[in-house]
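User: I have a structure open and would like to go through a few spots in it. Can we start with how you use the word "buried"?

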Amino acid sequence: MKFSIVLLFLLTFMGCHVGRLTSAMAAPDSTDPVAERMLLYQRSNGGWPQDDGDDVAYDEALTEAQRAAVLADKSQDDTTFDDESTTREITYLLGAHQRTDNPAYLKAASMGIDFILSAQYANGGFPQEYPDTSGYHGHITYNDNVTIDLLTLLRKVSEGKAEYAALPATQREAAGRAVENGINSILATQYVHAGKLTAWGAQHDRNTLAPAPARAFEPVSLSGKESVEIVRFLMEVPQPGEDIREAVRAAVEWLDAVRIDGYRQDRIEAPDQPTGRDRIIVADSSSTIWGRFYEIGTWRPIFIGRDGIIKYELKDIENERRTGYGFYGHWAKDLIKKEYPSWEERIAG
């Protein structure tokens, strides 16, 4: 009898111990150090700032003094969408929530999505920065893919798959409406020249929808870079209407017409230059490149230094801008040769 009681006690103890051990092994981590720092940097309005124009280094630990300084800026309105700011934090936090089941990460991501939704103009466009929309920051911004990054995130939110499924249904529905509104803005801002659809500028006036300037070296023009990502986004619409089909075809036709065959851009060491390096254009029969900026109407590539004066050859602007800004690239190559033909096949099926 005593032996049975002792055995029962031992089995019960071991069972509880094993159960606790199994539970502990199965329990996800409750925190993620990168996500924790993202929570710290998130502003009270729900968005995130940059670090003097650069990405915040969330993988670097903060001193107590640095933490205090970040917390002191919590109410600042320095939030931005430039260079994937805010979208990358939301994306990471949703992944961290899926890994850790930490509700704080989901709450912060949801707050960030609400912030994005609040920044969208009634016409569907997005500014580069919000709520500070002064100057060129208030233009509908395609530069560096700001609008496309935002709409891509909102599209994933609306689809509600994987880590996005944890978001509230009402928020997913609002994101879907925002995507539709954003597509309407894209179609409305596509530049019409001589009665024909072409492409897009790096930014457009929020009221007139016309291509608009930004910094001194970013003049009114059409973009051979940003237009490519806009087209790719439109081609991802599952069942595109005739308006989207027309927009895609016209933009691809324009991009094909302004391509520059027979040249490539090289980075070289240049000890005699202020930066110690340079970018030059050399003949190459196997290469095709596109300009970042095209003069409206003539469709000539243009190059601008910090003096704001338009030039027609890369070598004619200062070395700092030649090396510090992407005026040439292969941006539309795969779009024209591979992606667009595949898209035409898909929608014809």
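Analyst: Buried means under 20% relative accessible area. One point before we go on: this is a predicted model.

User: OK. Where does asparagine 145 sit, and is asparagine 145 buried or exposed?

Analyst: Asparagine 145 lies in the loop between β1 and α6. Its relative accessible area is 17%, so asparagine 145 counts as buried.

User: What is phi at asparagine 145?

Analyst: Near 65 degrees, which is a positive value in a residue other than glycine. Most residues other than glycine have a negative phi.

User: What about threonine 86, what is its phi?

Analyst: Threonine 86 has a positive phi of about 80 degrees, and it is not a glycine. This residue is in the loop between α3 (64-72) and α4. Threonine 86 is buried, at a relative accessible area of 0%.

User: On to α4. How does the span of its 14 residues compare with what it should be?

Analyst: Helix α4 covers residues 87-100, and at 1.5 Å a residue it should span 20 Å. The C-alpha atoms at its ends are 20 Å apart, so the two agree.

User: Which residues of α4 are buried, and what covers them?

Analyst: The buried ones are Thr87, Glu89, Ile90, Leu93, Leu94, Gly95, Ala96, His97 and Thr100. Their cover includes α2 (33-41), α5 and α6 (146-159). Just after α4, aspartate 101 takes a positive phi of about 65 degrees.

User: Which peptide bond is cis?

Analyst: The one from tyrosine 130 to proline 131 is cis, with omega near 10 degrees. Proline 131 is in the loop between α5 and β1 (140-141).

User: Change of topic. How many residues are in the largest nonpolar core?

Analyst: It has 82 residues, and Leu154, Ile186, Trp200, Leu234 and Val248 have the most contacts inside it. Helix α5 (residues 103-119) supplies the largest share of this core, nine residues.

User: What does valine 248 touch?

Analyst: Beyond its neighbours within four places in sequence, valine 248 is in contact with Val231, Leu234, Met235, Tyr340 and Trp343.

User: Last one, glutamate 295. Where is the nearest side chain of opposite charge?

Analyst: That is arginine 300, 4.9 Å away.

User: What polar contact does its side chain make?

Analyst: The side chains of glutamate 295 and threonine 298 are joined by a polar contact of 2.6 Å. Glutamate 295 is in the loop between β8 (293-294) and β9 (303-304).

Conventions:
Residues numbered from 1 in each chain as written. Predicted model: local features only at pLDDT ≥ 70, side-chain atom pairs only at ≥ 80, totals over all residues. Heavy atoms only, no water. Core = buried A, V, L, I, M, F, W, Y, C linked by side-chain atoms within 4.5 Å. Buried < 20%, exposed > 50% of the residue type's maximum accessible area, 1.4 Å probe, protein only. Helix = DSSP H or I, 4+ residues; strand = E, 2+ residues; numbered from the N terminus. Contact = heavy atoms within 4.5 Å. Expected span 1.5 Å × (residues − 1). Lys, Arg positive; Asp, Glu negative; His and termini not counted. Salt bridge = Lys/Arg side-chain N within 4 Å of Asp/Glu carboxyl O. Polar contact = N/O pair within 3.5 Å; in protein donor to acceptor, adjacent residues only side chain to side chain.
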